[in-house]
Amino acid sequence: MPTHFSSSSWVVRNGSLIRHSSFVIRHLSLVFLLFLPTITIAATPTLKISDNHRFLTYSDNKPFFYLADTAWELLHRLNREEADRYLKNRADRGFTAIQAVAIAELDGHSVPNPYGQLPLIDLDPTRPNDEYFKHVDYIVDQANSRGLFIGFLPTWGRYWHDNIKDNKPLFTSKNAQSYAEFLGKRYKDKAIIWILGGDRSVDNDEQKAIIRAMAAGIRKGGSAHLITLHPPGGSGSSKWFHNDDWLSFNMRQNGHVAEYTARYDTTLADYKLTPTKPVIDGEPIYEDHPVSFDAKKLGHSISSDVRRPLYWDLFSGACGHTYG
């Protein structure tokens, strides 16, 4: 509020507009300033691990139920109008998180987003394209405004695991930290859960170093958000990184099968590990996805196939659930 107005200023009294002298207006303004209540702007919600290391909670210890949807291509394929419609749909249905990938699986490195932008300049992880990430910013902000966290994958696993450029992966243990630091700094004040990995196994020491470099880069960028890892089917982050301090909680991909034994019972196995960490299934069987990837033999999964893993996971100790 300004401390003075011109002599032609107007104020409201008893429902009517009345002109006051500049002297009166100045002093009325000062009175309002003296008694104006302090305005508190709500901070972006942050998550932490519960005191018993079993669940996720908000920073004030209120419980957070991780109910995620897998929108892997959201940040890459959808324009703003489509993203708005999707996010509203998911928020209206009670989801709390959306899992999405910055450098997406389906040629996210070489096929531009709807606005003609690629995530990296010359496929160089040390040169992220600011114009591409402005669109990512928009979607993250829209999700946050609807109460949704983004389960943010910096990259799909193929870009640190498979041969992409010059018969080599795009990421190395050297450039991974730089890229992750960029992301950590950019999104440190957003409602984010970091998800490293991206549906690939960690097969050697270099790949393990790349993952750890990304975790270090996120922290160096100033982000204190929780970090986990999305593993390949039938596996979990605990296989490679359970004892790493950066791994806030374990994520499994129990996968696209309809049997409890040898897949969904592994949630309980992770629950029992020490040191104790929360566990969640980040990719169970999907609706309208072929069971065991065999459409001819088993047909597509139906609603009961999708609901059943929720019960299996939650009753085995998972701190939430993911749909797809």
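## Pro275 and its contacts

Beyond its neighbours within four places in sequence, Pro275 is in contact with His242 and Asn243, contact meaning heavy atoms within 4.5 Å. Pro275 and Asn243 are 32 residues apart in sequence, and their C-alpha atoms are 7.3 Å apart in space. Pro275 belongs to the loop between α10 (266–271) and β15 (279–281). Helices (H or I, at least four residues) and strands (E, at least two) are DSSP runs, numbered from the N terminus. With a relative accessible area of 42%, Pro275 is partly exposed; buried means under 20% relative accessible area, exposed over 50%, and partly exposed in between (1.4 Å probe, protein chains only).

This is a predicted model, in which local features need pLDDT of at least 70 and side-chain atom pairs count only at pLDDT 80 or more, while totals for chains, interfaces and linings use all residues. Residues are numbered from 1 along each chain as its sequence is written, and side-chain values use heavy atoms, with hydrogens and water left out.

## Strand β14 and its partners

β15 also pairs with strand β14 (residues 250–253): three bridges join them, and the two run parallel. Two strands pair if DSSP finds at least two bridges between them.

## Strand β6

All five residues of strand β6 (residues 66–70) are buried, so the strand is largely enclosed by the rest of the structure. Tyr66, Ala68 and Thr70 point one way, whereas Leu67 and Asp69 point the other way.

β6 runs parallel to strand β16 (residues 320–323), to which four bridges join it; Ala68 stands opposite Thr322 in β16. β6 also pairs in the parallel sense with strand β7 (residues 97–103), over three bridges, where Thr70 has Gln99 as its bridge partner.

## The open sheet

Three strands form an open antiparallel sheet in the order β3-β4-β5. β3 (47–49) and β5 (63–64) are at the edges with a single partner strand each, so one side of each has no neighbour in the sheet. Three bridges join β3 to strand β4 (residues 56–58), and Ile49 stands opposite Leu56 in β4.

## Nonpolar cores

A nonpolar core is a set of buried Ala, Val, Leu, Ile, Met, Phe, Trp, Tyr and Cys residues joined through side-chain atoms within 4.5 Å. The largest has 68 residues, of which Tyr66, Leu74, Phe152, Phe171, Tyr187 and Leu196 touch the most other members. Leaving aside neighbours within four places in sequence, the contacts of Phe152 include Leu75, Val136, Leu183, Tyr187 and Trp194. Another core, of five residues, lies apart from it, with Val257, Tyr264, Val291 and Trp312 among them.

## Helices α6 and α7

The axes of helix α6 (residues 175–186) and helix α7 (residues 205–220) come within 7 Å and cross at roughly 35°. Axes are lines fitted to C-alpha atoms, for helices over the stretch in contact, and angles run from 0 to 180 degrees between N-to-C directions.

Residues of α6 that meet α7 include Ala176, Ala180 and Gly184, and those on the α7 side include Ile210, Met214 and Ile218.
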